[in-house]
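This briefing concerns contacts between side chains. Please look at the sequence and the structure below before reading on.

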Amino acid sequence: MTGLKLLFTIRSNNCAKEAVMKTLMKLIGGLVALVVVLIVAGGAILGIFFDPNEYKGEIEKIALEQGGVELKIGGDIGWSVFPWLGLEINSISMRYPEKPELAQLNKAQVSVRIPALLSGQVQMSSVVVDGLKLNLVQEKDASNNWSTDAKAKPAEKTESTDSSSDGGVPITLDISNIAVTNGNLSFEDKVAGTKAKVNNLNLTTGKVADDTAFPLSLSFDAEQFAAGSNQPAMTVSSKLESSVRFNLSKQQYWMKKLDSSITIKGDATGGKALTLTLAGDITANATQQAVALENLKVTIANLALSGAVEVNGFAKPAISGAIDVAPFDLQKLLATLGQPAVETTDPSVLKAISLSTKLGGPANTVGAKELTLKLDDTTFKGNAAFNIATGGIALNLQGDAINADRYLPPAKEQPAEAQQAEESTSGERYSKEPIIPVEPLKGLNVDADLGLGKLHISKLDVQNLKLVVSAHNGLIKATKINADMYQGAIRNSATLDVRKTPVRITAKKDIKGIQIGDMLQAAADTDALTGSFSSQANITARGRSVYDIVHSLNGTTNIQMKDGEIQGIDMAQTVCQGLNTVASLGINTQEVDKSTPFANMSASTKIVNGVVTNPDLKATLDAMTLNGKGKVNLPKENLDYRLGFTIEENLFKKTCSIPNSLEGVELPVDCKGGFDTEPTKLCKPDLAAFTNVFKAQAKAKVKAKVDEKKEALKEKLGDKIGDKLGGEEGAKQLLKGLFGR
């Protein structure tokens, strides 16, 4: 009995507790319901008895006093309290006092769910912004209409509410959708006289929630106006579609299946519409400062680029990846761009241009490694780099072979009359117009090493071309301008210094052993001249124009020509025939070998302020030597030069005989006149020298005949009077007295 009583007592107590708990829960539920009813009722009462439109004037006054902004609310203000804290406002305009209107808004609507907000979540219904018009104006005095002239008050320091720093629950975002429609933006720069507009801006999304993919769509039109024109110089139309996801707490963002396009039309495209498309997947991590573009595809006309790019570090980015440009026809691309075609001798070139490279390199550098560039049948390989901080460019590109004649424009013959008219109206021979662009050259920051195995140009074949150039802060050095051709070598260098005024130019040239005959045969299908040609030069000049350069030209040159031959003319015979009268002497003019071999030709020059002086031209020709000396005055455009032919030995007696007395005698030719003097009038024999030679020859002949007659007379008289005068000795004394011998 005692146990039963105890059990009954316990059960009775439990039932009492349950009854109490049920009563308490009902009470709490009733209180909650009461609170909800009160809030809803309060909202309803506020909505009925409180109209925010009655306070529009007060709101506008506060905006002006506290924010310095003239706010005009032309439409109604609507609002709700529970369960959505919502606001809708219509027809708003805003400006700073005494400045052009800054913005207009047709409608803005947003609401936040209060219960969710109290739990740390941002749940919003549709966010709508319709008819936004933003008008930005830059005045001629550099002022604008988007900022106030009053100094902004410093913001009061407040304690951080960042949930990540205080350990609180991070805020999550949940928006039904966002719609920005009929947006219009304009910017007018009255200083430059230009204007730009963005019209029909529309942005729509699906449900925007943290770490959840949602669709995004963006489109707009734009216009760019040139200075002083009301017609757009360029129009742009753009569209973008993508699936977007973000994680705010981790600061991670994704754009998958990005599909965008932009169409441009205007003066730059020749009035034609040009469309560029961009597709791919984008991943960004703000915490790690990393962005990756994968499955990248870019197209513009018939040009298609694909690849992947990754950027790590935003302050000093390190870029890696790979880029490929598929083969494309340059002429078709230019036609699509509205640009004229490149005129080439061979219409089949520029049809297959492609590029591929891997991206990489140190931070703050865009590096192209394993770079391959193909131009039709020619392949260039190397690497390139661009320094983002300094703007420096490093380029190493080596090619195999190219026939440049195929890429040159077709030859166009200019009528002689037109050419003469152009020359007569060209003015001074040396233009004073600057041809060296100083400022662009000062901005260069380039190191380039370019090479080509074989080059065919102007019918000439050149091998092992090399160009090494550095350009930094206005000092441009071409340390190697090299090539090999026709068994010879060219090794040149040049420096251009634009850091000071006047500009300074230096050049060094070294040419060794080029076979002129082989080169002329290839270039002009002629063997008129053969020999091994060499030349050295050291030249300096100053100035930016041709006029300045010519007038400041200084330096030295040396020229050598060995083991050569001049075809088509026998100079010794030509000189010989010029000294004789063929008809009177009965000379045989048949030429066995119509050529002029020479063992050596050399000359040196000294250049002072554009005046070229040559004291020692010498050529050892067949049976002759050629000497020359004189000056060429480039600034005054004239020359004064003397050539001398000396017959060393009479080797042409069979075809042209000359008096033995002319052997070793120099026969001069003077060349004097301006650069425009006719060649037939420019060079003439020195007749005085020729006359002296012939006078001496005639005098020698007369003397020889007189001597001959004297001897004959002596013998004749000697026989007759010798006996009467005491024999032979007496006869001699008598003749000596008569003839003075």
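**Side-chain contacts in a predicted model**

Arg 429 and Glu 637 form a salt bridge in which the closest N and O atoms are 3.0 Å apart; a salt bridge is a side-chain nitrogen of Lys or Arg within 4 Å of a carboxyl oxygen of Asp or Glu. The model is predicted, and local features therefore need pLDDT of at least 70 and side-chain atom pairs pLDDT 80 or more, whereas totals for chains, interfaces and linings use all residues. Residues are numbered from 1 along each chain as its sequence is written, and side-chain values use heavy atoms, with hydrogens and water left out.

- Helices (H or I, at least four residues) and strands (E, at least two) are DSSP runs, numbered from the N terminus.
- Arg 429 is partly exposed, with a relative accessible area of 38%, and Glu 637 is partly exposed at 26%.
- Buried means under 20% relative accessible area, exposed over 50%, and partly exposed in between (1.4 Å probe, protein chains only).
- Arg 429 also meets the side chain of Asp 676 in a salt bridge (2.8 Å, N to O).
- Because Asp 676 lies in the loop between strand S34 (666-674) and helix H12 (679-682), while Arg 429 is in the loop between H6 and H7, this pair ties together parts that are 247 residues apart in sequence.
- Asp 676 counts as exposed, at 67% relative accessibility.

**Other salt bridges**

- A search of the whole structure finds 15 salt bridges.
- One of them joins the side chains of Glu 370 and Lys 358 (3.8 Å, N to O).
- Glu 370 is in strand S20 (residues 365-375) and Lys 358 in strand S19 (residues 353-359), so the pair ties together parts that are 12 residues apart in sequence.
- Glu 370 counts as exposed at 56% relative accessibility, and Lys 358 as partly exposed at 45%.
- A network of salt bridges links Asp 346, Asp 377 and Arg 406.

**Aromatic pairs**

- The structure has 2 aromatic pairs, counted where rings of Phe, Tyr and Trp (its six-membered ring) have centres within 6.5 Å; planes under 30 degrees apart count as stacked, over 60 as edge-to-face and the rest as tilted.
- Trp 146 and Phe 187 form a tilted pair, with 6.3 Å centre to centre and 50° between the planes.
- This pair links distant parts of the chain, 41 residues apart: Trp 146 is in the loop between strand S7 (133-138) and helix H4 (163-166), and Phe 187 is in strand S9 (residues 178-189).
- Trp 146 is partly exposed, with a relative accessible area of 33%, and Phe 187 is partly exposed at 32%.
- Phe 214 and Phe 246 form an edge-to-face pair, with 5.9 Å centre to centre and 75° between the planes.
- Phe 214 in strand S12 (residues 214-225) and Phe 246 in strand S13 (residues 232-247) are 32 residues apart, and their pair links distant parts of the chain.
- Phe 214 counts as buried at 5% relative accessibility, and Phe 246 as buried at 10%.

**Charges over rings**

- The charged end of Lys 195 sits over the ring of Phe 225, 5.2 Å from its centre; this requires NZ of Lys or CZ of Arg within 6 Å of the ring centre and within 35 degrees of the ring normal.
- The charged end of Lys 432 sits over the ring of Tyr 547, 4.7 Å from its centre.
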